[in-house]
Amino acid sequence: MISSSDLIGRARELLPIVQSRATQTEALRRPHDDNIKDLIDAGIIQMLVPAIRGGSESDLNTMYEVVDTLAQGCISTAWIAAFYIGHNLYAAKLSPKAQDEVFGDKGYCLLPAATAPTMKVEAVEGGWNISGRAPWGSGVMHADWVMVSGMTPDKTPRSFVMPVADVTIDDVWHFTGMAGTGSNDIVVDNVFVPDYRSIDGVALRRGDTEGTALHANPIYNIPLVPMAYATIVPVLTGGLKGALNALETIVDRRVRNFSGTVVKDQQHTHITLGEMQIGTQAIDTLGRAHIARTEALIQSGFTTDDRISLKGSAGYLARSGRLLMQDMMANAGSSNYHHDQPIQRFWRDLSTVTSHAFWDWDIAREQVGRRHFGLPISNPIV
């Protein structure tokens, strides 16, 4: 097992390396092979793997620090790292036999997990025949297993795990932001999945499953959606820190065209930069509070009110981060829209990240407001 301090230290050591590959990662339209190898070699991908499987069985606070650090250099790399880390926890919810297969001899998996029920599902003897397309396959470019989802004939949501060799990767990821994630579509054509490698979607969202009974640590009982928030929040906070660092570098050296004014000597610059620094710190504080509350709820259990509140928190973080990033870019100057400038990549990546369906601000605030009036949840992502 690797300690939390060592995991965080290794992430900090990798930061300048990941940052140096950020431009190439974006050009590749997928994670850089060396980044994935480095993350595995550092034990970062394995940090939430159960100890009985050889993992560090770490915690969400440590994951926050690790992913936040990586995102300061390359948001696309941090996104994939966060998904691989979190989806190893999802793998620990599978049946015991499936865990044996998925974790295997190496003791971890590289698992994209598409939980939207887009697949056609046919019940057959011993399992299921699966066909269809799952978009947003973050992690599929280096995957060894994939998880896709669909509605069974009795209208029950269910997820299915299969080797990546059983699927086709459709190269559709031509995106302005998060280009380096390679989140291509997963195409499944009449693949048989044995029942033990499937999992009831209601149980997966609830958290406790047949597989989690193998693990004493309550982190493995965490519901799917709160875990998803915990996965993506540090991508936002770290990305904002990376953008702020880029902005600070800009204003330290910027001289205005025509007037020749040294920007760092202007009072307006002091006010604007101070606002960006305060905003980044505030969002980091909110992000840490979100993770700390989730960690506490892992111990006490998640009520409906807790889950709605966490959705509101995640939505507010995304909205606040998007607005702050827009202000940073607006104050960076026109030359920083050039592709060789780091801040424009942070801007494009964060604009894309903060539009993710899991923390949609309109849906989040609607659910919080509905709860006040005693109305039922009207969105499945809670």
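Helix H5, strand E1, strand E3, strand E4, helix H7, helix H8 and helix H11 each supply at least two residues of the lining of the largest pocket. The model is predicted. The residue ranges of these elements are listed below.

| Element lining the largest pocket | Residues |
|---|---|
| Helix H5 | 75-91 |
| Strand E1 | 113-124 |
| Strand E3 | 145-151 |
| Strand E4 | 157-163 |
| Helix H7 | 201-206 |
| Helix H8 | 224-253 |
| Helix H11 | 342-353 |

Strand E1 gives the largest share of this lining, six residues. The volume of the largest pocket is about 950 Å³. The pocket is lined by 42 residues, of which Thr-115, Trp-136, His-356, Ala-357 and Phe-358 are the closest to its centre. By type, the lining holds 25 nonpolar, 15 polar and two charged residues.

Two of the lining helices, H5 and H11, also meet each other. Their axes come within 10 Å and cross at roughly 35 degrees. From H5, Ile-75, Ser-76 and Trp-79 take part in the contact, and from H11, Phe-346, Asp-349, Leu-350 and Val-353. Five of the residues in this contact are nonpolar, one is polar and one is charged.

H5 and H11 are also among the elements that cover the buried residues of helix H4, together with H1, H3, H8 and H9. H4 spans residues 60-71 and reaches 16 Å from its first C-alpha to its last, close to the 16 Å expected at 1.5 Å a residue. Eleven of the twelve residues of H4 are buried. Among them are the charged residues Glu-65 and Asp-68, as well as Leu-60, Met-63, Tyr-64 and Val-66.

Definitions and conventions: Residues numbered from 1 in each chain as written. Predicted model: local features only at pLDDT ≥ 70, side-chain atom pairs only at ≥ 80, totals over all residues. Heavy atoms only, no water. 1 Å grid on protein atoms, 1.4 Å probe; cavity = no way out; pocket = protein on both sides within 12 Å on 5 of 7 lines; lining within 4 Å. Points joined across faces, edges and corners; volume = space filled by probe spheres on them. Helix = DSSP H or I, 4+ residues; strand = E, 2+ residues; numbered from the N terminus. Axes fitted to C-alpha atoms, helices over the stretch in contact; angles between N-to-C directions. Contact = heavy atoms within 4.5 Å. Expected span 1.5 Å × (residues − 1). Buried < 20%, exposed > 50% of the residue type's maximum accessible area, 1.4 Å probe, protein only.
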